[in-house]
Amino acid sequence: MRILAYRVLGTGGDPTVYYTTKYGSFADDPVPAGTRIYADNLFHTFVEVATANSHRYSGTIGAPWTQPTMTASQTSYGGELWALDAPWGTNDPVWLLSDGNLQQHVASGHRSRPYPYLFYNPNPLTVTSVRICNSYEDHVTSWSFWCSDNRDDWTQLASGSAGNTSAYGQWTFAVPNSGAHRYYEFRVVGGTDGDWQNLSEITLYGIQDVVDAPEVTVLDESNAKQLFGFCTKKEDEMKFYLVTVGDITPWAHAEGSFYTTASAPPGSYPLTQQEYDALNYRIADGDTLSWYADQRPYTTAPWSQPIFTGYTAGDGSVISAGNYQATYSEYPWKAMDGYSTGDGRFWGTTATTTWWKVVFPYKILLTGLVHYSRYNSTYAAVQGRYWAEEAMQTPIGSAINGPSTSNWSTTVYDDSAHPIVTDRIYFQKTGGHENGGIGEVVITARKLTYEVPQ
């Protein structure tokens, strides 16, 4: 496990460095209210919960910045990557405006003006100047330059006429200091062609506000052993021995509290230093501490089931089945597509007996499961049972016997006191109509974020 600790400072000139698990957007950015603040980067010593503007992220204001040289398209905004797009479209790949090649042009035409070119940097930029490079024809004659923090509210920073309208001509204009922003737009207002412009490069110059890189601790979760050494001497010959006697467990857990081994009450669960560090990290991140009957602790976080638009969801979860009705596109993943009713929104089969499953790349603590039958009462009847594994050793609720009712539903499992820990849900269809399947599976659960190994 990698523990990431972001440095923050108190307000009012407090030089003390504190830590949080929550990533900050830019240097001097206020830490969100409600964030847990710690005195150390392993999150052992809790200090307080941040209030509005009580802490700010540590970093560098005005760090050097050079516009990235692009080698492929990147038009996704709001993430950790530089992005460039032309919202109204171009005839050539727009990223060529940031590839460093002055002979490679991007043509944009037959669209109204002002025509925007939109730039995004993950760290807020203070742009000081902009260089515009023409191509061989259809040059820009007038322009404006804008900034925004959200892509909805824009402020004009500069405007003017082109300083050079010759083939491959360049000009640079200064940008008044308006502070740091993530979004900028260069807008073509007029050109030598009525509605067409060819540009080879648009280059921003400036400085950025950068949050300190996190302090990273990599936990070695293999248990350390206690070593004892001794030596023997026989006549003039000496021998040295090392003996391994067991895991080093300086900590223990009982009923939601951590103890040193010497002070732990009877029945506590022993913890290595690495396990103790990992638990503290998850708790600092806002996860809930829980434990099994033997006091072995684990942490959970809120979870919403993934919405599938194909066999693999965005979180890496995968759906498969032993059979499906291909003729009508009744794919297995439609059993978790977010629609519990409707024609074409279900997994349908061509066999009386078959199986369906979803596998998560993590464990969940399942406390509820609702089954919806497929659309169309003629084919909706289905019999079967949900399980926590393919071996069908751990049932999830009772077997179901769905009637010939379109989108019929039943609560298969509802027991928050006895969650089922699993990384998959397996449905064994045992009867009903050969075209019966699943309209939707609706799961209530929490995500298991860390558990001390047995």
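Guide: Let us begin with accessibility: a residue is called buried when its relative accessible area is under 20%, exposed when it is over 50%, and partly exposed in between, using a 1.4 Å probe and protein chains only. Please keep in mind that this is a predicted model, in which local features need pLDDT of at least 70 and side-chain atom pairs count only at pLDDT 80 or more, while totals for chains, interfaces and linings use all residues. Residues are numbered from 1 along each chain as its sequence is written, and side-chain values use heavy atoms, with hydrogens and water left out.

Visitor: Why is Phe258 called partly exposed?

Guide: Phe258 has a relative accessible area of 23%, and because that value falls between the cut-offs of 20% and 50%, the residue is partly exposed.

Visitor: What makes Pro302 count as exposed?

Guide: Its relative accessibility is 66%, which is over 50%, so Pro302 counts as exposed. Pro302 lies in strand E22, residues 297-302, where strands (E, at least two residues) and helices (H or I, at least four) are DSSP runs numbered from the N terminus.

Visitor: Why is Ser129 called buried, and what is it in contact with?

Guide: Ser129, which is found in strand E9 (residues 115-134), has a relative accessible area of 16%, and because this is under 20% it is buried. Contact means heavy atoms within 4.5 Å, and, leaving aside neighbours within four places in sequence, the contacts of Ser129 include Thr172, Phe173, Thr203 and Tyr205.

Visitor: What makes the pair of Phe258 and Tyr276 edge-to-face?

Guide: Their centres lie 5.4 Å apart, with 90° between the planes, and because that angle is over 60 degrees the pair is edge-to-face. Phe258 lies in strand E19 (residues 257-260) and Tyr276 in helix H1, so this pair ties together parts 18 residues apart in sequence.

Visitor: How do you know that the charged end of Arg187 sits over the ring of Trp154?

Guide: A charge sits over a ring if NZ of Lys or CZ of Arg is within 6 Å of the ring centre and within 35 degrees of the ring normal. The charged end of Arg187 is 5.5 Å from the centre of the Trp154 ring, and the charged end of Arg385 sits over the ring of Trp387, 5.3 Å from its centre.

Visitor: What makes E10 and E13 paired strands?

Guide: Two strands pair if DSSP finds at least two bridges between them, and E10 (residues 140-148) and E13 (residues 181-191) pair in the antiparallel sense over 8 bridges. Within this pairing, Ser142 stands opposite Gly190 in E13.

Notes:
Phe/Tyr/Trp six-rings, centres within 6.5 Å; stacked < 30°, edge-to-face > 60°.
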